[in-house]
Amino acid sequence: MAMKPHGKSIVSSDYDEKVLFLKDLSLGPHEAQLRFRLIHFWEAWNPLKKTLIGMEMLLLDEQGTVIQGFISPGRIETYLPKMKRGSVYKLDNFYGSRNKSVFRVADHTVTVSFSWNSELTVLLDCPSQFDDDRFRFHSYEEFQANCDLKGDLYDVVGHMKLVNGQSIHEAPVLDEVEIAKARRVLIHVQSHDGPVMKLYLWDQAARKFCKKFKSYEGTPTVLLVTTVNTKTLGGTLALTSMSSSRVFMDYDVQPTIDYFSWLGSNPDIAEQVNAEVVTKRETMTIGEIFSYIEQESAKDAFFECTATIDDVVHGSSWYYIACSGCHSKVSKGPTSLLCTNKKCGKVNVSGVPQYLSKISVYDNSDQAVFVLLGDAGRELTGKPASELVRSYFEANGNEGVNLEVPIPEALISTIGQKHKFCVKVTEHNLSGKTRSLTVTKILSLDTPPATASSEDNHTTATSEETSQNRVDSADGSKGACCSSELERAKRRKCGN
């Protein structure tokens, strides 16, 4: 029996002729043999039609190559009884299909698809050694760069700060009944010395986390979750579990063991960020928010502020045309609309009107300009921007289709209303580039102060960087209506 340079045994030459390594897999039918460890398998469902798409798998061969596998719904019952996580198999006859472009869990461009003549056999006495698992980790910056793009799903490892709003140092108590009812667990996790991130575990991942967390004699510290999706929730980056996600803690796998050791050598890291500051939106007046911005120690933050709407700012457009995919602003190309977000870069996109409205507000301490983006505008008016734009053109026989739509009555009618606004202080505020504050959510006046653990799982229009680009671009847009038009609209409102 020959040996590889790194010490792993290889099979005899006559056996090698039948075996195809995963790195060499190409598109099309194969009458060869694959050998792999079955790392994980899960059902893939169509979220809209609620139909089973098939069984997806994560496979690892003896060379350390990871690839996705797929079994169509009609063939699942044939192979499922033999499938066990961690077992080693050989697969004879299969089809190499193109890997999907969204929510991929492996780098390889090909997927191993089971075909009509595929034969799956457990290898109880395999001559080769296989790694137990393989992970793909991303940093905070990489997660942020891929936010809302529905691209590859990567893994995250870090130390927990809060579990459902409870400090990890105070031995959190998890109510399985409440978690089952809410269908989620919210963990604030910090990876090394990076920013604290919100990590939402849903359904099966939430149940597994709860069961594993409660099984420890002490309180676990390190958490690893595989194949997480990056979204903008509540105006900030959030990681959310998928049906393919797995949960590990402290000493479960080598990466958590290594991280636990690193954390023990860097005890100051665990106390570096005050979790209360990260999770709570402090209630402030407008004047207090501006005072905070002027402090040298100020950093990006969220605040709640109760204010009255004084006016809808004119001289700039109240909406913009967005990419239907990532919601970034689009530009006109020679023959189609182009997405201006380099991370998206789609051409021939469908343009969808989205809110980018400036309102003047005041409280007993000061005045400010708030910028409404996406969902915040709909929360204020009760109508999406696309509906208001469409209604205007329908009412005017689609005349002036290339002109800006005047500020709608739905926005003007909010003048005089008092609301509780959730606003975000960004780097653009801290650097003095703008005093306008971005609104991430609008709450009713009787809503109790929110913490991150009670926020709904609704996706906002964009990431922080793209949001600010929209705010900046509004200054160069065509006026939504002139001053006299706004005043006439106000008089009509007062005369009703």
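Buried here means under 20% relative accessible area, while exposed means over 50%. By that cut-off Tyr-292 is buried, and Phe-303 is buried too. Keep in mind that this is a predicted model.

**Stop 1: Tyr-292 and Phe-303**

Select both rings. Their centres are 5.1 Å apart and their planes stand at 70 degrees. Planes over 60 degrees apart count as edge-to-face, so this pair falls in that class. Now colour by secondary structure. Tyr-292 belongs to helix α9 (residues 286–293). Phe-303 belongs to strand β15 (residues 301–312). The pair therefore ties together parts that are 11 residues apart in sequence.

**Stop 2: helix α9**

How many of its 8 residues are buried? The count is 6, so the helix is largely enclosed by the rest of the structure. Pick them out: Ile-286, Gly-287, Ile-289, Phe-290, Tyr-292 and Ile-293. Next, show what these residues pack against. The strands are β15, β19 (351–362), β20 (367–373), β21 (418–425) and β22 (437–443). Helix α13 (427–430) is also in contact with them.

**Stop 3**

Widen the view to the whole structure. A search finds 13 aromatic pairs. One of them joins Tyr-251 and Phe-260. This pair is tilted, with 4.9 Å centre to centre and 45 degrees between the planes. Are the two residues buried or exposed? Tyr-251 is exposed, at 53% relative accessibility. Phe-260 is partly exposed, at 27%.

Then select Phe-135, Phe-137 and Phe-248. Ring pairs link these three into a cluster. Move on to Arg-136 and Tyr-154. Here the charged end of Arg-136 sits over the Tyr-154 ring, 4.3 Å from its centre.

**Stop 4: helix α6**

Select residues 254–265, which make up α6. Check its length first. At 1.5 Å a residue, its 12 residues should span 16 Å. The end C-alpha atoms are 17 Å apart, which agrees.

Now look down the helix axis. Which residues of α6 are buried? They are Pro-255, Thr-256, Tyr-259 and Leu-263. Finally, show the cover over the buried residues. It includes strands β7 (154–163), β9 (184–190), β11 (222–233) and β13 (247–249). Helix α7 (267–270) is also part of that cover.

**Stop 5**

Most residues other than glycine have a negative phi.

Start with Asp-250, in the loop between β13 and α6. Asp-250 is buried, at 5% relative accessibility.

Finish at Lys-50, in the loop between β1 (28–46) and β2 (51–60). Lys-50 is exposed, with a relative accessible area of 62%.

Terms used:
Residues numbered from 1 in each chain as written. Predicted model: local features only at pLDDT ≥ 70, side-chain atom pairs only at ≥ 80, totals over all residues. Heavy atoms only, no water. Phe/Tyr/Trp six-rings, centres within 6.5 Å; stacked < 30°, edge-to-face > 60°. Buried < 20%, exposed > 50% of the residue type's maximum accessible area, 1.4 Å probe, protein only. Helix = DSSP H or I, 4+ residues; strand = E, 2+ residues; numbered from the N terminus. Lys NZ or Arg CZ within 6 Å of the ring centre and 35° of its normal. Expected span 1.5 Å × (residues − 1). Contact = heavy atoms within 4.5 Å.
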